[in-house]
Amino acid sequence: MTDYTKEELAAFLETIPYKALAKELARRNSERRKVKSGGRPKVLRPCPKCHKQLGARELARHKC
Ligand SMILES: [Zn+2]
């Protein structure tokens, strides 16, 4: 399984579409970013009453 020659390996890598590779790299990069910033990026929604921008959890807890 692992005894490919460099040429065979290069030929194999060339069969992977660049887009799939870029997509995978982007996914990994965004994952790394999310971890650094502490999990899921917040989606802010305005409070229907006071229109303050709040995250989903904050909005659920929020009373005004
Ligand atoms: Zn409010």
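H62 touches C47 and L54, with residues up to four places away in sequence left out of the count. Two residues are in contact here if their C-beta atoms, placed from the backbone, lie within 7 Å. H62 and C47 are 15 residues apart along the chain, and their C-alpha atoms are separated by 8.4 Å.

Before I continue, please note that this is a predicted model, in which local features need pLDDT of at least 70, side-chain atom pairs count only at pLDDT 80 or more, and totals for chains, interfaces and linings use all residues. Residues are numbered from 1 along each chain as its sequence is written.

Where does H62 lie? Its place is in the segment after α3 (56–61). H62 is partly exposed because 13 other C-beta atoms are within 10 Å. By definition, a residue is buried if 20 or more other C-beta atoms lie within 10 Å of its own, exposed if 12 or fewer, and partly exposed in between, with C-beta atoms placed from the backbone. Of the 64 residues in the chain, buried residues make up 0%.

Let me turn to the chain as a whole. The chain contains three helices and two strands, and along the sequence these follow the pattern α-α-β-β-α. Helices (H or I, at least four residues) and strands (E, at least two) are DSSP runs, numbered from the N terminus.

Finally, I come to H51, which is found in the loop between β1 (45–46) and β2 (53–54). H51 counts as exposed because it has 9 C-beta neighbours inside 10 Å. Although H51 is not a glycine, its phi is positive, at about 65 degrees. Most residues other than glycine have a negative phi.
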